[in-house]
Amino acid sequence: MKLRVRIMKISAGKPVVFIHEATAKKIDVRVADHVTLSKNNHKTTAIVDLALGFIGKDEVAISEELASVLGADAKGLIEVNPAETSEGSRIIHDKIEVSEYTLKDLEKIMRDIVNNNLTEAEIAYFISGVNHYGMSQKETLNLTNAIVKTGRKLKWPSKIVVDKHSIGGIPGNRTTPIVVSICAAAGLTMPKTSSRAITSASGTADTIEAIAPVNLTIEQLKRVVKKTGACLAWGGSLGLAPADDKLIRVEKLLRIDPEPQLLASILAKKVAVGSTHVLIDIPFGYGAKVSIHRAQHLKVMFESLGKKLSLKIKVILTDGRQPVGNGVGPILEMRDVIAVLKQNNSVRDLEEKSLVLAGAILEMSGKTKKGRGQVMARDILYSGAAYEKFCEIISAQGGDPKTWLPEAKFHHTFVANRPGTIRKIINQEMNYLARVSGCPNDKASGLYIYKHLNEKVKQGDKIITIYSESKEKLHQAVKLFKKQKPIVIV
């Protein structure tokens, strides 16, 4: 059916079209069904929503993004028809639990996810099946390759391209800018792409964004890396392994993170960005995402899959029982990063972890002998070369490394009401507390932690300051801290 186009300034995070209820009945589609939109030689798929009142029976409302894909304008007509059931959908629904997904199966499913040919319910069905039945190592390898195939794959002139990744969950833990600066100063190529926060207070991209643009195009990223040897960009703006981004969005709705998809997600992004040597940081312990036993299992899986993908992978298991650094939240974390890089009241736990990670990369890349990595990393940091490289990267991305980092408008400090020892800092609750205060959208909001695990405190010592750009959010965060007691003093 041909319908007149109405272009709307909307952003639903997925391709949605609005049509009149009577029109939907005529072409036999319902809410959340897929329709094919076509104009001349352009064709795409979108999800149906129904409207009464503002949409005429002869109209279809589409976003500016969909209009651009179709080459449509407000005066034109587009063809709207029910979409055929996708191959990926048939594969998912026909799957029996005792059989494995083939590479072709997974390629079709991932392609249909990227082309919006699967509903969120169908993607959830796929994810839940993987979560319940698991995947063999061969299937996980096939899933990784299928995800890579959905987007571009970068190539670099350097034979060795290094990278790092943490499985996350630890507040603060902003080692990436420090590690990248040290490794790039050592002459390594490190095109680092990072995520934004999903459940944490700040992702690396959110923190870097406090002083520099992170939404780079692939062309911009290549220019920055050519000039400085590295970058600190947001991975979501690059179109690398796009199926993974859509899988992650549904996983978060389901609140599950199947192991095969965790492995495939991380490895696919590393293959897509052109990495050859990858360091994986797996924090473990109380309050971390994984126990020591699961961390050891993941280590074996990463290293085994890495070999099959021609990636040299080293996995380091780190203490994940508490936040790393003092600041939690974009600006507060950036202050910690700069303090370490400038060696101006350096944050010692953040510094030491960064040196361990950077040292491991320097060794695995052949920049120094085994056992000498941390020494070399410390020399680069203390010489000021890492800070110089950091400034160079930030400037190349269009930022200012000397940007003023303001304090939030409102804050509240908690002090110890008796002497004792810090026995517990609950990571999940600290992340949630920081988000209640306004993170990551309010860059200056967050937490500043004065005392860490096993440190002794005296009555009246500062324990934590909560920062917020909103009086109401601060009030909510203070109330939450009193109720949850995420820092335990005994």
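Which residues of helix 6 are buried? Keep that in mind as you start the tour. The model on your screen is predicted.

**Stop 1: helix 6**

Select residues 137-149. This is helix 6, with 13 residues. From its first C-alpha to its last it reaches 18 Å, close to the 18 Å expected at 1.5 Å a residue. Now colour the buried residues: E139, T140, L141, N142, L143, T144, A146, I147 and V148. Then show what covers them. The cover includes helix 4 (103-114), helix 5, helix 10, helix 11 (259-272) and helix 12 (292-308).

**Stop 2: helix 11**

Stay with one of those neighbours. Select helix 11, which has 14 residues. Its reach is 20 Å from first C-alpha to last, close to the 20 Å expected at 1.5 Å a residue. How many of its 14 residues are buried? The count is 12, and helix 11 is mostly covered. Among the buried ones are P260, Q261, L262, L263, K270, V271 and A272. Now step just past the end of helix 11. There G274 takes a positive phi of about 90°.

**Stop 3: the cavity**

Next, look for empty space inside. Rolling a probe the size of a water molecule over the atoms shows where empty space is left. The structure holds 1 cavity of 30 Å³ or more. Select the lining: K14, I47, I113, N116, L118, T119, E120, I123, K246 and R249. Which elements give two or more residues to this lining? They are helix 5 (120-133) and helix 10 (242-254). Colour the lining by class and you will find 4 nonpolar, 2 polar and 4 charged residues.

**Stop 4: helix 18**

Select L474, A477, V478, L480 and F481, which are buried. Why do these residues sit on the same side of helix 18? They cover an arc of only 160° around the axis, which puts them on the same side. An α-helix has 3.6 residues a turn, so residues three or four places apart point the same way.

Turn the view to the face of helix 18 directed away from its buried side. That face carries the exposed residues K471, H475, K479, K482 and K483.

**Stop 5**

Select T421 in strand 14 (residues 420-425). Is T421 buried or exposed? T421 is buried, with a relative accessible area of 8%. Leave aside its neighbours within four places in sequence. T421 is then in contact with N454, E455, K456, V488, I489 and V490.

Jump to N454 from that list. N454 is in the loop between strand 15 and strand 16 (456-457). At 46% relative accessibility, N454 counts as partly exposed. Check its backbone too: phi is near 70°, a positive value in a residue other than glycine.

**Stop 6: two more backbone spots**

Most residues other than glycine have a negative phi, and most peptide bonds are trans. Select D28, in the loop between helix 1 (21-27) and strand 3 (34-39). The phi of D28 is near 65°, again positive in a residue other than glycine. Then select C439 and P440. A cis peptide bond joins them, with omega about -5°. P440 is in the loop between helix 17 and strand 15 (446-449).

**Stop 7: two distances to draw**

Select L77 in strand 6 (residues 77-82). L77 is partly exposed, at 43% relative accessibility. Beyond its neighbours within four places in sequence, L77 is in contact with L3, R4, V5 and K39. Now draw a line from L77 to G371, C-alpha to C-alpha. It spans 67 Å, and the two are 294 residues apart in sequence.

Finish with E407, in the loop between helix 16 (385-396) and strand 13. E407 is partly exposed, with a relative accessible area of 45%. Its contacts, leaving aside neighbours within four places in sequence, are R335, A444, Y467 and E469.

Notes. Residues numbered from 1 in each chain as written. Predicted model: local features only at pLDDT ≥ 70, side-chain atom pairs only at ≥ 80, totals over all residues. Heavy atoms only, no water. 1 Å grid on protein atoms, 1.4 Å probe; cavity = no way out; pocket = protein on both sides within 12 Å on 5 of 7 lines; lining within 4 Å. Points joined across faces, edges and corners; volume = space filled by probe spheres on them. Helix = DSSP H or I, 4+ residues; strand = E, 2+ residues; numbered from the N terminus. Nonpolar A, V, L, I, M, F, W, Y, C, P; charged D, E, K, R; others polar. Buried < 20%, exposed > 50% of the residue type's maximum accessible area, 1.4 Å probe, protein only. Arc of directions from axis to C-beta. Contact = heavy atoms within 4.5 Å. Expected span 1.5 Å × (residues − 1).
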